[in-house]
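I set out below, in order, the entries made while looking through this structure. Each entry takes up one topic.

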Amino acid sequence: MEKSLYFQLVNKYFPQLVASVVEKLNGKNQTTLTYMYRDHLTNTYSQDGRWASITAEYTRVAADVVSMDAELPLKSRDKVSTAEGQIPKVGMKLYMTEKQLKDLDNMIAQRLPQPQILRNLFADLPRCIQAVYERIEDMFLSELSTGVALATGSGGTGIRIDVGFAEKNKLGHGAKAWDAEDATPLDDIQLVYDKAMDDQNTITTCYLDDYTIKLLGKNNQVRAQFAFNQGIAINSDSNIPILSFEQIASIFRNKWQTNLVRVARTIKTEINGKKGTHNPWAKGHMTFTCYDNLGDLFWTNVAEATRPVAGVTYQSADEYILASRYSTNDPLREFTSSQAMVVPILNNVDAIYSLDSTQAVG
């Protein structure tokens, strides 16, 4: 590694441009992409580079009534367990080719406006930083829908983190699949709320994908429930139009005092030169949560943060991302890179309930 071929410009503008990119990507009104993990996870620094998920089965029992001077009976303690592991490293690296470098040199020689030169010089910077955000969101949504964070990397490597959704909190549909004409998905969903009540938990939010929304919107039982809530007299379910997401959400608010959240997110990837797109949310899964804060975004320093390479220009982004700029020769290239050791981890998973609308109970 050598210092940037445009060291003076990089040294002057790289720090402020990194800050500008982070501010833009973090602002909800500044980008079409949104990141749910930012709303539900707390940034947590890990000194030893490990993550931990806490599961605590707290139970509330009534006090015993005993006669005077009688001994109080002994109660069992609550169970606390942890899942833990190493924080993985994620990142992205892009370079300017010799042709791009020659074009940039010509722009400088022609004394073109500096903003135009800077746009070309730092064109890869937003992509490198956003790539880390996208991977975190990828893992978070996969983890929230199934309890397992999955992310495929290059060279056959990947990330698999299991935070341990309780098996007793995983449900499916009843005797009828939800695409059947006489299916009763509201009855199946009610079982989730019954289970939470038995556990003395209060569900506040339900997350689901478009596949599940379409099934619910077409279902006769769901449409009849909406008509009943609106005071609409019906002779048959067939005269009720297919429900919108907002109408389905109103049923959840009225029936269970639950906020319904639509998860519609795709992640673009490029692995070993092959580009693709996938949906990190497991098809047909519904996740019910009892808290708004769902866990931690664990991060630790990458090696170069404390062992910088001579000549490389560094800048931190959002605490956990280390952006860098440098050049190499043979062939001559100008690199922009981002790297981070970071992972989203759900806590209190004993208070998270899931329903797989594509699988039967048991």
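**Entry 1: an aromatic cluster**

I looked up Phe252 and found that it counts as buried, at 1% relative accessibility. The term buried means under 20% relative accessible area, exposed means over 50%, and partly exposed lies in between (1.4 Å probe, protein chains only). Trp256 also counts as buried, at 7% relative accessibility. I noted that Phe252 and Trp256 both lie in helix H9 (residues 245–256), four residues apart, about one turn of the helix. Helices (H or I, at least four residues) and strands (E, at least two) are DSSP runs numbered from the N terminus.

Before going on, I recorded the basis of the entries. The model is predicted: local features need pLDDT of at least 70, side-chain atom pairs count only at pLDDT 80 or more, and totals for chains, interfaces and linings use all residues. Residues are numbered from 1 along each chain as its sequence is written, and side-chain values use heavy atoms, with hydrogens and water left out.

I then turned to ring pairs, in which rings of Phe, Tyr and Trp (its six-membered ring) have centres within 6.5 Å; planes under 30 degrees apart count as stacked, over 60 as edge-to-face and the rest as tilted. The count comes to nine aromatic pairs. The ring centres of Phe252 and Trp256 are 5.1 Å apart and their planes stand at 65 degrees, so this pair is edge-to-face. Ring pairs join Tyr193, Phe252, Trp256 and Phe288 into a cluster.

**Entry 2: charges over rings**

I searched for charges over rings (NZ of Lys or CZ of Arg within 6 Å of the ring centre and within 35 degrees of the ring normal). Arg333 has its charged end over the ring of Tyr95, 3.9 Å from the centre. Arg38 lies over the face of Tyr133, 4.4 Å from the ring centre.

**Entry 3: backbone in the loops**

I found a positive phi of about 55 degrees at Arg111, which is not a glycine. Arg111 is in the loop between helix H3 (98–109) and helix H4 (114–121), and is exposed at a relative accessible area of 75%. Asn348 has a positive phi as well, near 50 degrees, and is partly exposed at 32%. I also noted a cis peptide bond from Asp330 to Pro331, with omega near 0 degrees. Pro331 is placed in the loop between strand E15 (321–328) and strand E16 (333–346).

**Entry 4: Asp162**

I located Asp162 in strand E6 (residues 158–162). Its relative accessible area is 39%, so Asp162 is partly exposed.
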